[in-house]
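Biologist: I am new to this model and would like to learn how to read its charged pairs and its helix packing. Could we take them in turn?

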Amino acid sequence: MRNTRPLGFAAMAAAAALTLTACGGGGDAGGGSETGGGETGGSGESVRIGIKYDQPGLGFRDGEEYTGFDVDVATYVANELGYAEDQIEWVESPSANRENMLSNDQVDMIFATYSITDERDQTVDFAGPYFVAGQDLLVRADESSITGPADLEGKNLCSVTGSTSAQRVKDDQPGANLVEQPGYADCLTALESGQVDAVTTDDIILAGLASTDANQGKFKVVGNTFSEERYGVGLPQGSDQCEAVNEAITKMVDEGAWEEAVTANTEGADYSYNEELNPPEPEPCGE
């Protein structure tokens, strides 16, 4: 996958323009280096940031290159906290492991399409949100008959087995024929071949999938969301970093770097985010 980071992004992040590298050995949470542990960056310190490795346009690892909107937001925030890009350790943070990774001191913060919920708020702290996604539909580029969930009656709809997106379809659209696959790449293969009529998950995840070199021009995001998912920055419970992270997110929006990052990471997907909900204003910490 290509690196879609805007050329001027690092400068807008008010940090030295450094090549984005994985200085922590990828999924190795320790990496053998001294971590920041909630303090601001400095000589010999690093910050461990959890991301997805398998979500194009959001958090994606290709060799030693890390790209996506979550990566861009995380890099900006880390810069504002005092960490240069070569002080960031990227750590793979699968959805099922995120709470444990924060509780067990495997990461310092997580940017990984991490929706803020009351249940999660019992065990971890959140800064943000930095994006409000919504469940949406991805269809073939020439599809005109599906403009929202009401058009799914009798249609074949793909989602990932066990996902909240699949369950929501089962509950709200019983007339749709739900086809469950182990991953979204499988869903896109089925969509391209005509085996299914649409794919569903969060809109920006769909946009990221559609924006890859292999998929550009083949699909489009319908743009009719039917849920709200507030992506927050996961922090260990009791962290003192929430206010500083929120200030960094606000600055990123004000400087235009947030808009630039969204655009760069969804290019080619025929996607527009929900302007009524984005960019969001971070919520007060501790509430």
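Modeller: A salt bridge is a side-chain nitrogen of Lys or Arg within 4 Å of a carboxyl oxygen of Asp or Glu. The model is predicted, so local features need pLDDT of at least 70 and side-chain atom pairs count only at pLDDT 80 or more, while totals for chains, interfaces and linings use all residues. Residues are numbered from 1 along each chain as its sequence is written, and side-chain values use heavy atoms, with hydrogens and water left out.

Biologist: How many salt bridges does the structure hold, and what is the N to O distance between E64 and R61?

Modeller: Side chains of opposite charge can pair when their charged atoms come close. The structure holds 10 salt bridges, including the one in which the side chains of E64 and R61 meet at 2.9 Å, N to O. Another joins R48 to D105, with the closest N and O atoms 2.9 Å apart, and R48, D105 and D108 are linked in a network of salt bridges.

Biologist: Is R48 buried or exposed?

Modeller: Buried means under 20% relative accessible area, exposed over 50%, and partly exposed in between, with a 1.4 Å probe and protein chains only. R48 counts as buried because its relative accessibility is 5%, whereas E64, at 44%, counts as partly exposed.

Biologist: Which residues of helix 2 meet helix 7?

Modeller: Contact means heavy atoms within 4.5 Å, and helices are DSSP runs (H or I, at least four residues), numbered from the N terminus. In helix 2, D72, V73, Y76, V77 and E80 meet residues of helix 7, among them V245 and I249.

How values were computed. Helix = DSSP H or I, 4+ residues; strand = E, 2+ residues; numbered from the N terminus.
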